[in-house]
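Hello,

Here is the structure I promised to pass on. Please have it open while you read; my notes follow below it.

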Amino acid sequence: MTPAPGRGLLSEADWRKPLTGTGWRAAHVLLFAILLLAGLGPLLWTLKAAVSSTADLLADPLALWPASPRWGNLADAWTSLEIRHYLLNTVVLVAGSWLVQAVVATTAGYALSVVRPWYGRYVYGAFLITLFVPGTVTLVALYLTVLDLPGLNVSIANTPLAVWLPAGAHAFNILLAKQFFDAIPRELFEAARVDGAGSWTVFRRIVLPMSTPILAVISLFAVMNAWKDFLWPLIAITDPQAQPIAVALPRLAQAAEPALLVAGLLIATVPPLLIFLIFQRYVVRGIAFTGLKG
Amino acid sequence: MTPVVATAPSPAGAAPEAAPGRRAGARPGRSDRGRRALAGLVFLLPALACFGYFAWWPIGRSVVLALQQTNLVDPARWVGLRNFEVLFADPLLPTAVLNTLWYTVLSLLIGLPAPLVLAVLISELRRFGAPARVLVYLPVIVPPVVSVLLWKIFYDPDSGLINAVLGLVGLGPYPWLQSPAWAMPSLVVEATWAGAGGAVLIYLAALVAVPRELYEAAETDGASIARRVWHVMLPQLRGVILVLLLLQIIGCLQVFTEPYVMTDGGPENATVTVLLMIYRYAFLFGDYGTATALSVLLAVALAVVSALYLRLTRGWSSR
């Protein structure tokens with residue numbers, strides 16, 4: 001961690017005052033107690049419960065560790081609850097949503113920021129206006145659209161496309177990409193054009209290599225949001241065999257043995273947790289950077 | 001997804017630039033204009049396809065659907081405002097609206113002050129700031145469905161963690177999710193646990209941006225810590241607090257996963273929310289018209305909240 005630069009709300013003098021300093025130190029100890037209990041506690045409990053027997057779970061939920069750990073629960077959930085299958089579905093949905101969002105954001109951001117056709121401002125406005133319409137209020141119409149794509153007369157419901165393609169209609173990504181590209185010096189593009197580079201070459205050779213930071217932010221949020229998504233996949237993918245784990249779990253919860261269910265919950269949490277722990281610095285920075293997403 | 005992005009006082013959230021070409025140097029020739037128009041179209045194609053099919057079309061279609069009767073079997077019929085009449089005749093509607101408002105009020109009572117207090121405490125940490133940030137964000141990482149199912153286990157009246165802990169001090173057992181009075185507060189506690197970390201990180205980013213000199217000057221003038229919080233910190237954070245308040249209201253009005261997975265609207269309809277009603281109309285009863293009518297009303301309510309908020313705060317949030 002980086003030490004706090006100079007001072008914050010409290011000054012060095014405040015920290016040295018006996019009453020104030022002690023009070024804040026006590027508050028900080030309490031803070032960590034709460035953070036550990038509320039932040040880590042439920043995850044550790046899940047870990048413990050996932051390797052307990054159902055009998056142990058029901059008899060003594062406060063036990064720190066089961067009398068006889070059952071590591072087999074995880075394997076059982078993996079195979080008999082078919083967590084493996086649903087997890088794979090989730091990975092497919094998340095990967096496709098990410099790819100669609102990355103392609104849409106970079107190409108549209110490039111078109112609006114660098115190519116700048118005369119109608120660009122109107123199209124940009126039309127993208128941004130969708131920010132004012134939360135997805136939940138167009139849910140029913142979106143479902144009917146997916147059932148019968150206008151002009152094509154095909155249904156993509158129950159296919160990954162029903163999740164992948166609507167993910168692209170995310171105006172915030174385009175806003176981020178456009179603002180990022182706007183900050184690239186125009187001389188770069190002019191010079192490339194003088195050298196005879198076309199729009200595609202400028203995009204591929206100049207803009208894409210420079211957009212790693214913004215792509216990282218967009219990708220991280222795209223993956224995390226797609227992993228969390230529940231309502232839309234619940235509606236769009238009704239075929240149990242094609243459902244992602246988030247949709248499958250509440251259905252499994254109705255019949256599964258509690259200990260196995262918790263094992264399933266644990267497995268569903270591990271991938272986003274790993275992504276977060278690996279990229280946590282970018283997540284924290286990304287939230288500060290994008291301000292108020294999600 | 002949120003209408004606030006453009007007003008967010010974050011580094012990247014400045015008002016969207018509406019005028020491309022502002023920085024164009026030489027006046028482009030006519031052929032250049034045509035070339036740009038064509039190249040722009042090619043690059044915009046993926047976005048136009050996605051937005052056309054999955055954003056603009058559903059928005060337009062919602063307005064049409066609200067005035068039609070559709071069940072996917074018979075051809076759609078225009079029914080005027082009949083869907084709205086059906087809706088207002090449904091005795092569940094007032095319950096759902098009140099439940100949603102109750103959920104929102106409870107969420108604000110808990111969910112507004114807690115992240116701010118946590119953020120202030122974390123920002124004053126002189127060591128272990130990074131682990132604190134990770135810990136506070138951990139619940140946000142857990143997929144919502146997993147947290148809801150996990151808390152459903154915690155709330156279990158017989159074998160749940162919460163009653164077990166309360167039992168240690170001789171309280172309970174309480175029927176959390178089985179009690180019409182306690183079910184909604186129980187959902188709010190879970191949702192706050194799951195969501196507070198995001199708000200904390202946003203507040204932390206805003207707290208870092210408060211100029212240290214202001215605290216310095218206030219302290220020199222003899223301001224106590226409480227007065228520095230009240231007269232320096234909070235005014236500096238006002239914009240962020242207001243944006244988060246609006247975001248939270250908008251999010252609460254659309255609450256779905258918690259009541260759907262945890263209680264399915266029960267007990268005795270105590271947790272039926274507006275979105276749950278939309279879902280039931282459309283995907284349980286197949287009445288897409290009435291479901292869309294309610295969606296349109298929800299959209300109007302959300303727009304009113306945003307407009308009201310922007311109007312109220314235009315003067316005093318700009319600082």
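At what angle do helix α4 and helix α8 of chain B pack, and how far apart are their axes? Before the answer, one caution: this is a predicted model.

**Chain B, α4 against α8**

The angle is about 50 degrees, and the axes lie 8 Å apart. Helix α4 of chain B spans residues 113-123, and helix α8 of chain B spans residues 183-208. Angles under 35 degrees count as roughly parallel and 65 to 115 as roughly perpendicular. At about 50 degrees, α4(B) is therefore oblique to α8(B). The crossing of these two helices is right-handed.

From α4(B), the contact takes B:Ala114, B:Pro115, B:Leu116, B:Leu118, B:Ala119, B:Val120, B:Ile122 and B:Ser123. From α8(B) come B:Thr192, B:Ala196, B:Ala199, B:Val200, B:Tyr203, B:Leu204 and B:Leu207. The class count is 13 nonpolar, two polar and no charged residues.

**Chain B, domains**

Chain B has two domains: domain 1 covers 33-78 and domain 2 covers 91-317. Their centres, taken over C-alpha atoms, are 33 Å apart. The two do touch: nine residues of domain 1 of chain B are in contact with eight of domain 2 of chain B. On the domain 1 side, α1 (30-66) and β1 (68-69) of chain B each give two or more residues.

UniProt, in an unreviewed entry, lists residues 97-309 of chain B as "domain: ABC transmembrane type-1". In the model this span is 76% helix and 0% strand. Its end C-alpha atoms lie 20 Å apart.

**Chain A, domains and annotations**

Chain A is also split into domain 1 (12-75) and domain 2 (81-255). The C-alpha centres of these two domains of chain A are 37 Å apart.

The annotation "domain: ABC transmembrane type-1" comes up for chain A too, again from an unreviewed UniProt entry, over residues 87-279. The model gives that stretch 74% helix and 0% strand, with 21 Å between the end C-alpha atoms.

UniProt (unreviewed entry) also marks "transmembrane region" in chain A at residues 26-45, 86-110, 122-146, 161-181, 202-224 and 259-279. I looked at two of these. Residues 202-224 of chain A are 96% helix and 0% strand, and the end C-alpha atoms are 30 Å apart. Residues 259-279 of chain A are 100% helix and 0% strand, with the end C-alpha atoms 31 Å apart.

**Chain A, the packing of α5**

Helix α5 of chain A (residues 83-115) packs on helix α9 of chain A (residues 171-182). It also packs on helix α8 of chain A (residues 161-168).

Take α9(A) to begin with. The angle between α5(A) and α9(A) is about 45 degrees, with the axes 8 Å apart. That angle makes α5(A) oblique to α9(A). The helices cross in a right-handed sense. On α5(A), the contact residues are A:Gln101, A:Val104, A:Ala105, A:Thr106, A:Ala108, A:Gly109, A:Tyr110, A:Leu112, A:Ser113 and A:Val114. On α9(A), they are A:Asn173, A:Ile174, A:Ala177, A:Lys178, A:Phe181 and A:Asp182. By class, that is nine nonpolar, five polar and two charged.

Now α8(A). Here the angle with α5(A) is about 30 degrees, and the axes are 8 Å apart. So α5(A) is roughly parallel to α8(A). This crossing is right-handed. α5(A) contributes A:Leu93, A:Gly96, A:Ser97, A:Val100, A:Gln101 and A:Val104. α8(A) contributes A:Val163, A:Trp164, A:Leu165, A:Ala167 and A:Gly168. The contact has seven nonpolar, four polar and no charged residues.

A:Gln101 and A:Val104 are listed in the contact with α9(A) and also in the contact with α8(A).

**Between the chains**

How many residues of chain A are in contact with chain B? There are 97, and they meet 96 residues of chain B. Helix α2 of chain A (residues 18-50) gives the most to the chain A side, with 14 residues. That side of chain A divides into 68 nonpolar, 22 polar and seven charged residues.

Best wishes

How values were computed. Residues are numbered from 1 along each chain as its sequence is written. Chains are lettered from A and ligands numbered from 1 in the order in which they are written. This is a predicted model: local features need pLDDT of at least 70, side-chain atom pairs count only at pLDDT 80 or more; totals for chains, interfaces and linings use all residues. Domain bounds come from an automatic or database domain assignment. Two residues are in contact if their C-beta atoms, placed from the backbone, lie within 7 Å. Helices (H or I, at least four residues) and strands (E, at least two) are DSSP runs, numbered from the N terminus. Ala, Val, Leu, Ile, Met, Phe, Trp, Tyr, Cys and Pro count as nonpolar, Asp, Glu, Lys and Arg as charged, and the others, Gly among them, as polar. Axes are lines fitted to C-alpha atoms, for helices over the stretch in contact, and angles run from 0 to 180 degrees between N-to-C directions. Angles under 35 degrees count as roughly parallel, over 145 as roughly antiparallel, 65 to 115 as roughly perpendicular and the rest as oblique. A crossing is left-handed if the near helix is turned anticlockwise from the far one by less than a right angle, and right-handed if clockwise. UniProt positions are given in the numbering used here, feature names are shortened, and annotations may be inferred rather than shown by experiment.
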